Amino acid sequence: MDIQPASQSAYQAINQSQQRMDQAATEIAQAPIDTPVETTDAQKSSNTFAPVANKPIESSLVELQLAKTEAEAGTKVLQADSERIGTLIDIEV
């Protein structure tokens with residue numbers, strides 16, 4: 001079984017979070033604006049709007065938050081790995 005270094009896992013997490021963030025940002029940027037809903041004469045007094053997007057914008061916003069959390073986790077792994085290596089060097093010297 002091949003065990004990859006912690007730094008490699010951290011860089012993978014950061015790269016995945018960047019891809020997730022790019023995808024979510026693109027979906028948000030391309031989301032159509034709300035359009036008026038067809039209403040009957042009785043309902044015309046109120047302005048009713050409904051989203052036309054295939055994917056709700058909320059799910060893209062959740063993806064952005066997940067990307068942020070994933071990047072923070074990768075960063076913490078890198079910091080921990082750096083501290084661990086620093087400790088090992090101090091012990092060996």
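Helix 1 has a buried set made up of Ala 10, Ala 13, Ser 17 and Ala 24, where buried means under 20% relative accessible area, exposed means over 50%, and partly exposed covers what lies in between (1.4 Å probe, protein chains only). The model is a predicted one, so local features need pLDDT of at least 70 and side-chain atom pairs count only at pLDDT 80 or more, while totals for chains, interfaces and linings use all residues. Residues are numbered from 1 along each chain as its sequence is written, and side-chain values use heavy atoms, with hydrogens and water left out.

As for its length, helix 1 has 25 residues, which at 1.5 Å a residue should span 36 Å, and the end C-alpha atoms do sit 36 Å apart, in agreement. The expected span here is 1.5 Å times one less than the number of residues. Helices (H or I, at least four residues) and strands (E, at least two) are DSSP runs, numbered from the N terminus. On that basis the protein chain comes to 2 helices and 2 strands, and the pattern along the sequence reads α-β-β-α.

Taken as a whole, the protein chain has 93 residues, of which 10% count as buried.

Ser 60 belongs to helix 2 and is buried, at a relative accessible area of 2%. Leaving aside residues up to four places away in sequence, Ser 60 touches Ala 24, Glu 27, Ile 28 and Lys 55. Ala 24 is itself one of the buried residues of helix 1.

Next come the charged pairs. The search of the whole structure turns up 3 salt bridges, each being a side-chain nitrogen of Lys or Arg within 4 Å of a carboxyl oxygen of Asp or Glu. One joins Glu 63 and Arg 20 at 2.8 Å, N to O. That pair ties together distant parts of the chain, with Glu 63 in helix 2 and Arg 20 in helix 1 (residues 6–30), 43 residues apart. Glu 63 is partly exposed at 25% relative accessibility, and Arg 20 is partly exposed at 30%.

Arg 20 also forms a salt bridge with Glu 70, where the closest N and O atoms are 3.4 Å apart. This pair again links distant parts of the chain, Glu 70 in helix 2 and Arg 20 in helix 1, 50 residues apart. Glu 70 counts as buried because its relative accessibility is 18%.

The salt bridge between Arg 84 and Asp 81 has an N to O distance of 2.3 Å. Arg 84 and Asp 81 are separated by about one helical turn, because they lie 3 residues apart in helix 2. Arg 84 is partly exposed at 45%, whereas Asp 81 is buried at 9%. Shared partners, meanwhile, join the salt bridges of Arg 20, Glu 63 and Glu 70 into one network.

Asp 81 lies in helix 2 (residues 57–92). Apart from residues up to four places away in sequence, Asp 81 touches Ala 6 and Ser 7.

Note on methods: Contact means heavy atoms within 4.5 Å.
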